[in-house]
Amino acid sequence: MSVLNSDFSLAARRNAKIRLENLSISFKMDENKRVDVLEDISFDADEGSFTCILGPSGCGKSTLFNAIAGLLPPTAGNIYLGDRLINGKTGLVGYMFQKDLLLPWRSVLENILLGTEIQGRDRAKSEARARELMRRYGLEGFEAYYPKYLSGGMRQRAAFLRTMMLDNEVMLLDEPFGALDAQTRLSMQEWLHEVWRDSKKTIIFITHDVDESLFLAEKVLVLSHRPSRIIQTIQVPLPEKRSYEMMGNVEIIKLRTELFALLRRESDSGQTESPNGMGK
Amino acid sequence: MATTAESKWKTILPPLLLLAGLIAAWELASLWFNIPEYLLPRPSRIVTVAILKRAILWRHMGITLEEVLLGFLVGFIVGFGLALVMFFSTTLRRALNPIIVISQTVPVVALGPILVIWLGYNIWPKIIVVALIVFFPLTVNTFDGLIACDPDLITLLRSMGASRWQIFRKVQLPNALPFITSASKVAVTFSVIGAVVAEWIGSDRGLGAYILQTNAQIRTPEMFAAIFVTSIMGIILFFIAQAIENLLIPWQKGGKVKRSIQSYLSRS
């Protein structure tokens, strides 16, 4: 078998891989106070698609991911992976955070193997595959290094490969490049896009950066301020293989302006509401 | 850290020179002011006596070292165990917390005589005194290290489907390791003091007992020789603990590349 699942045909792609049906999440603060974070969220992410979730800071983006990853049972509604109901089930989708969360006492290779170790997979096979992925994605030669000797971009790549090693068809990326400098960020976006085209994983990507969402996604979902609902769904009119020059398309610039206005309105309305920011 | 030979000298030389200067000043002052030996013997005299009495000092040192090592071992195990218990059970943590603090406010020296009455004139009171001193920093630091773990790391492992035990073993325990080694360095130094004090309370053997006897007989040079040996012992134990720490947490000690046992094996 090849290292990446590159044998997916385009025809097989258009099945919903992740489906959310009327998902709502609220937290009970005390007896008579509850905070609604997500309200009636429904969407599909097709197999092998790239979906961005765009929303103002402080909306329930991370809560949404925690729910899909099974870390948080929904208050109402259902989450499906393919045909399977996965409410509250962990270990089925890959999850990557803004922080690289590499363990400082493990070498880069051992960090990439962490998930496979937890799931009790064959060590030799996993290691061979991890080395192959490292070679392919620019981490060759750093296998034995401690993470702190890697640059921010390389650490995020290692964190991504760690997620990828788990062979989950769905990957949730929660602002993975949010802590990187602008230059590194751009090259990481290009890198991720390439990996996605290669691997045909289903990616759901959280960001509050309009440009990032338009460059990466096929579909952009815009969330409102809390309680978050989907207020806009956009198909990005760009081909699968992209370059930064395309960001100058008239259509893209129009979309960009529209999305900025939408986000500004949402974060302004957020500031007039309760100021306590929980579960960003 | 990859220090060059030159910069290594730069760090070692100043303390060495200062120490040599102080000893020389002591030697010269003793000669100059003609201080009687029973009040303050000269360093050269202490060294001479230490060499002359090496057999007896060696024997006493062996006894004290045994107390230190056994006491440290018991204190380490108890301290580590208590930290685990407190980490895994909130109820037991609440119950144990005051007792652990009280154990440190009761002067261990005062407990000594009662331990001798209970356990007899043997090694056990000394082991217990040392263990009482050792366990506290270990419990406090191990516990702190276990809870100091980044909660996002735990979320990450949970998202991978990790069990409570896997999270403990793969994240929380290694995260506590630097805390444990640092507590051990403190504890091993204190444990030498603990053993000496415990010998004062009830023993006719060991460096502490020897210090007390020579002091009573105003054999001051021998007393100083024993103090000298005690302090050397503490220093050596500290450096052993330091060396073990360097081996256990290389990622904090400037190691760039992880050298696992396997990679050593595959190379040879």
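Predicted model: local features only at pLDDT ≥ 70, side-chain atom pairs only at ≥ 80, totals over all residues.
1. **Chain B is helical.** Its secondary structure comes to eleven helices and zero strands.

2. **Overall form of chain B.** The radius of gyration of chain B is 23 Å. A compact globule of 268 residues would have a value near 18 Å. Along the principal axes, the C-alpha atoms fill a box of roughly 75 × 55 × 35 Å.

3. **Inside chain B.** Of the 268 residues in chain B, 31% are buried. Now take the contacts with a separation of 6 or more. In chain B, 76% of them join residues 24 or more positions apart.

4. **Where the chains meet.** Chain A gives 20 residues to the contact, and chain B gives 18. On the side of chain A that touches chain B, 14 residues are nonpolar, five are polar and one is charged.

5. **The sheet in chain A.** Six strands form an open sheet with mixed pairing, in the order 6-7-8-3-9-10. Its edges are strand 6 (94–96) and strand 10 (230–235) of chain A, and each pairs on one side only. Neighbouring strands are turned by 15 degrees against each other on average, direction ignored.

6. **A helix on the sheet.** Helix 1 (residues 61–68) of chain A packs on this sheet. Among the strands it touches are strand 3 (50–54) and strand 9 (219–223) of chain A. The direction of helix 1 makes about 155 degrees with that of strand 7 of chain A.

7. Strand 6 of chain A pairs with strand 7 (residues 170–174) of chain A in the parallel sense, over three bridges. Here A:Met96 stands opposite A:Leu173.

8. **On to strand 8.** Strands 7 and 8 of chain A also pair in the parallel sense, over five bridges. A:Leu173 stands opposite A:Phe205 in strand 8 of chain A.

9. Strand 3 of chain A pairs with strand 8 of chain A in the parallel sense, over five bridges. A:Phe50 stands opposite A:Ile203.

10. **Is strand 8 of chain A covered on one face or both?** Both faces are covered. In a regular strand, side chains alternate between the two faces of the sheet. On one side A:Thr202, A:Ile204 and A:Ile206 are buried. On the other, A:Ile203, A:Phe205 and A:Thr207 are buried. That makes six of six residues in strand 8 of chain A.

Terms used. Residues numbered from 1 in each chain as written. Chains lettered and ligands numbered in written order. Helix = DSSP H or I, 4+ residues; strand = E, 2+ residues; numbered from the N terminus. Rg over C-alpha atoms; globule rule 2.2 N^0.38 Å. Buried ≥ 20, exposed ≤ 12 C-beta atoms within 10 Å, placed from the backbone. Contact = placed C-beta atoms within 7 Å. Nonpolar A, V, L, I, M, F, W, Y, C, P; charged D, E, K, R; others polar. Pairing = 2+ DSSP bridges. Axes fitted to C-alpha atoms, helices over the stretch in contact; angles between N-to-C directions.
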